[in-house]
Every structure is written in structure tokens, then in C-alpha cells.
Amino acid sequence: MNAKQWPTVAYFSMEYGLHSDFKLYAGGLGILAGDYIKGAKDIGAPIVAIGIKWKQGYTDQRIDKDGRPYDTYHNYLYDFLEDTGVKVTVKVRGIPVVCKVWKTEQFGNNPLYLLDTDIPENGDAWITGQLYGWFGEERIAQEIVLGIGGVKAMRALGIPIDVYHFNEGHAALAATELIREKMFDGFSFEEAWKATREEVVFTTHTPIKEGNEEHPLDRLDYMGAFNGLTRDQMVRIGGDPFNMTVAGLRLSRISNGVAQLHAETANKMWKEVAGRSEIIGITNAIHTPTWVDERMTKAFEEGGDLWAVHTELKGELVDFVEERSGIRLNPENLIIGFSRRAAVYKRSDLIFSQPEIIEPYLRDGRIQIVFSGKAHPLDDTGKRIVANLVAMMKKYPKAVVFLENYDMTIGAMLTRGSDVWLNNPRRPLEASGTSGMKASMNGVLNCSILDGWWPEACQDGENGWQIGDGFETTDFELLDKHDSEALYETLLQKVVPTFYENRAKWVAMMHESIATTREAFATKRMLEEYFNRMYIKPSVR
Ligand SMILES: *Cc1c(COP(=O)(O)O)cnc(C)c1O
């Protein structure tokens, strides 16, 4: 593809996962955004990224001596950031807030511009303090900085933008600025909204209703988020209460979900929203140089010994786990990796739901599981899930490990060195799930419910396994029962016997796993789809 054909895209995201120690990310959304702008660099796509320089990043979540998670925060110094010399001002609660604009291309990524309120000019320097640290007023202030501040930063930097891409609803207020600018130039609200929609595309990520952020209009008004629009105009955009996803859908010319199944789910979820854009499916992808071990890629491409490379990577994981936890797993035995945000729908502890079935395998170490994952700092249920996994580690000391403070390093180690990658969410609540892509491309066999990206890739028993049959019900008790039976059946009748009794088949499956995913779920395919289906204007399409 000729890079010259690309419109210039401004990509807005609350978080970016570019490097393990650059703590501007919380989870999958940020990892996607980081991979996105690295992939853009690789193919020369003119995408500039806008985000926030989080002083304390996301929680460093540790486990206390009683096995419960607790949150800690640290001030980070990112002295490698370039000072653009640009400052822009937004208004929060009627008071001017100055945002300093930093830049980095440090990580093989396209330019990322980061807004920062932690400067002496501001009374409230804490707006950019903690990623997802607060709800309510503070969140709105952060969204004013990202959205409105982000548009102003592009203007101040003199970067002409053709397409504004909102990665999740957090950036929706950017459109109020785009509308305001046009009204300042003499457009009516209607004309300005219509013209703005032609410039905006939107990606939705959350198939859980409550995960789609809403704000009371009074609060938005008080915070200054109307940005010159009237209450009635804001209601027409985002409803009452103002829903950031609804706003994204009504402010864009086209939207997308992050897997084909997710697009279906999202269209059902938002079908009542009048005047919304169409939601198409563009399945997420990963930046392969970041996530796939070069030794494995080389062995695959040159017809080398995949098992020998896997054994090496698994050995490195075993050492890593021992360093972090003091537990030495047996490298001869099966290791299952499971790292995810501790959210109820992800069911990290489903495998323990019928102890009489799984216990014998854990007692003798035929099945070993390494867990990791953080709960949101304000999510007590999520914290109970983490505490339960830690309790399981104490109960099955030979076979269960929980690694605290999940980050990109743990993610990379586990998706390279495990034998199997397990994923058992309540379908259809996992939007995409990029960790399974990392695993698959490293020859780590994916074993998953048919949710997120997996229905698009799974060839059961050939390149991984499916758990169950895609069953869906909102009766969660029934669903969990159904899926735990299916999990045990797949794991104990298929995965375990293949691992211990049919190494040749296992290695053939590793080969298939890599072959069927390495291009289909790499950033190049994803970016070209965004280009062809979202960024090119309909008249050109
Ligand atoms: C890959 C990755 C994710 C996203 O994976 P999911 O499959 O969506 O859970 C989240 N956090 C980290 C640290 C990762 O490396």
C-alpha cells in the first residue's frame, strides 16, 4: 500500500501499552493502542496518537501477607520524553487548565503526543495523576483534557488532520471541540455536527452495558464539558444521562467492534440508538515483533524444531515464575497460562468450580496453572477473585501460581512459555482478547470458549481447542455450569492426553497454530482494514 494514499489520522486513546515500564496502560485497550501505533510505524501509515502522560500510571497491585490485593502508586519520571514546547489550555469547572504537550517515538511507534497537567501553572495538577483512578468529576476532567485538549494540541502543533479516530468513548468530547470550531466559523450546530461526523470514526470495546461510561448532564455542565454547546445539543448527542458510547456512535460516520462476533453483539446492544453510525467488525491484532519470540519465528520459517524452541521458552518461564514467586514448576509437566483482568465475566476460577474433578490433577502436578491479573482498584468483587486465586496457590502449592502485578513483562513471558493458553469468559462478553493471539503465534495452544476473536481462528483439535459449542444464555448459573463441564471435558479428554501421549500431534498443532494466525492477526492486516473500511471517505471508497 502506498503511504501517500492515507489520510492523516489522529488516534485518541486514554491508555497506551508501549513498554512494560512505561506505565501508561491498564489492560487490553492500552495494549491494542500501543501495538496500533507501532504497527503504523512499520507500514508507514500517517497516524499520530494522542494520550495522557499519567504521573502515577495504573495501580501497582501487590498481595499482602493475608493473600489480599492492595494498590500502590508511584510517581514515574519519564525523562526520555521530548518537550514539544507547546501548551494548550482547556477549561475545567470554569478554570483554565494548562496542558503541556510531550512527545515520544521511543518505542518504534508513530509519534505519540501526551498531555500533562502536572505543571506549576495549574492549581489542579492531578487531573493526569492516575489512569482510571477515579470516577465522576475527575474522569470528566481527564476526558476534557484528552478530547478537547487533544484537538487543541493538534492545532497548536500545526498538524493537519483528516480523520479523528476515537479508540473507545473516552475521547468523545473531542467532537464538541470540532463542532465548536465550526460554529465559530459560522456553521449552524446542525451543519457543524454533520461535518464533524464526516471526520470522525469510532471504535467500541465493551460488550458489558455497565462498562460503557455515563455521566449526569448536570455534572458535565458543571465541569465545563458542554464546551459551548447547549444542554439540548448534548442530549441529542449522548442522551440523558450522557453515554460516552452513544455519543461516539452519533458523532462518527462509521464505527467498529473489535471482532466479528463483537460487532454483532454491539449492533444488538445499541440497536435502539437513533441516528447512530453503522458498527462493522474489524478484529484486533498484535504487533508481532513485540509479542512473538524471534527464536520461534525463525524455527517456524526455517522448518526448525518447534518443540526444542518451546522447551527453551518454557524453561525461561519456569525460571521467571520461580524468581517472582519462589515456586518451581516442573518443566516436564503441562503448564497452563491464564492472565486477565480480574473481572467476573472472565471467570478466572472456573477451573476450580468442581474440585472433585480437577483436584487429582493439581495434587500430582499433571496440570500446573500460572495466573496473573489485576482487579480494578475500586472493584471489590474483582479483588475477591484475586484473593481466591491466591488461596488456590496456597491450597495446591505444586500446581497453582499467582503472579502479582500483571504487566507486559508477565504477559509476554506467559504467552511464550506456557504450553496452553486458557480463556473461559462468559460468551459474548469478551470483545476480542489479544493475549490468545500472542500465545497462538508463539505456538502456545489456545484453549478457549468461542468468544472474541477465537471463533474466527479456531480449528478445533487442529490449531488449538474450543471449549463448548458457543452456548449463550443470560442465566449465568446455567451458563457457568454448562461451560465448566465443557472446560473439563476439553481439558481432561483432549488437552491432557495429547500433551502426555502424543507429542507429534502436539507439535503439529503448534505449527498449525502459528501458520493460521501469524498474518491474519498481525497489525498490518488490521491497519489495512481500518484504512480501507474506516479512514477512506465514502466518496473515495
Ligand atoms: C495482551 C495483554 C492484555 C490483553 O489481553 P486480553 O486477552 O484482552 O486479556 C492485557 N494486559 C496485558 C499486560 C497484556 O500483555
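How many disulfides does a search of the whole structure find? The search finds zero, where a disulfide is a pair of cysteine sulfur atoms within 2.5 Å.

## Basis of the report

This is a predicted model, in which local features need pLDDT of at least 70 and side-chain atom pairs count only at pLDDT 80 or more, while totals for chains, interfaces and linings use all residues. Residues are numbered from 1 along each chain as its sequence is written, and side-chain values use heavy atoms, with hydrogens and water left out.

## Cysteines

The closest cysteine sulfur to that of Cys447 belongs to Cys458, at 9.1 Å, which is too far for a bond. Cys447 has 0% relative accessibility and therefore counts as buried; Cys99, also at 0%, counts as buried. Buried here means under 20% relative accessible area, exposed means over 50%, and partly exposed lies in between (1.4 Å probe, protein chains only).

## Nonpolar cores

A nonpolar core is a set of buried Ala, Val, Leu, Ile, Met, Phe, Trp, Tyr and Cys residues joined through side-chain atoms within 4.5 Å. The largest such core has 100 residues, and those with the most contacts inside it are Tyr11, Phe12, Ile47, Ile144, Phe166, Ile237 and Tyr535. Helix α2 (residues 136–157) gives the most to this core, contributing nine residues. Helices (H or I, at least four residues) and strands (E, at least two) are DSSP runs, numbered from the N terminus. A second, separate core has 66 residues, including Leu329, Ile336, Val401 and Val444.

Apart from neighbours within four places in sequence, Ile237 is in contact with Ile179, Phe189, Trp193, Leu229, Phe242, Val246, Ala247, Arg250 and Leu251. Contact means heavy atoms within 4.5 Å.

## Helices α2 and α3

The axes of α2 and helix α3 (residues 174–184) come within 6 Å and cross at roughly 55°, so α2 is oblique to α3. Axes are lines fitted to C-alpha atoms, for helices over the stretch in contact, and angles run from 0 to 180 degrees between N-to-C directions. Angles under 35 degrees count as roughly parallel, over 145 as roughly antiparallel, 65 to 115 as roughly perpendicular and the rest as oblique. The crossing of α2 and α3 is right-handed; a crossing is right-handed if the near helix is turned clockwise from the far one by less than a right angle, and left-handed if anticlockwise.

On the α2 side, Gly147, Ile148, Val151, Lys152 and Arg155 meet Ala174, Thr176, Glu177, Leu178 and Glu181 of α3. Helix α3 is mostly covered, with eight of its 11 residues buried. The buried residues of α3 include the charged Glu177, Glu181 and Lys182. Just after α3, Gly186 takes a positive phi of about 105°.

Helices α4 (189–197) and α7 (residues 244–251) pack at an angle of about 90°, with axes 8 Å apart, so α4 is roughly perpendicular to α7. Trp193, Thr196 and Arg197 of α4 make the contact with Leu249, Arg250 and Leu251 of α7.

The axes of helix α17 (residues 476–501) and helix α18 (residues 503–517) come within 6 Å and cross at roughly 110°, which means that α17 is roughly perpendicular to α18. Here Val495, Thr498, Phe499 and Glu501 of α17 meet Arg503, Lys505 and Trp506 of α18.

## Backbone features in loops

Most residues other than glycine have a negative phi, and most peptide bonds are trans. Which peptide bond is cis with omega near 0°? The bond is that from Asp240 to Pro241, and Pro241 is placed in the loop between α6 (231–238) and β11 (242–243). The peptide bond from Arg427 to Pro428 is also cis, with omega near 5°; Pro428 is in the loop between β17 (420–423) and α15 (435–441).

Glu168 has a positive phi near 80° and is found in the loop between β8 (163–167) and α3. Its relative accessibility of 7% means that Glu168 counts as buried. Asn405 has a positive phi near 60° and lies in the loop between β16 (400–403) and α14 (408–417). At 9% relative accessibility, Asn405 counts as buried.
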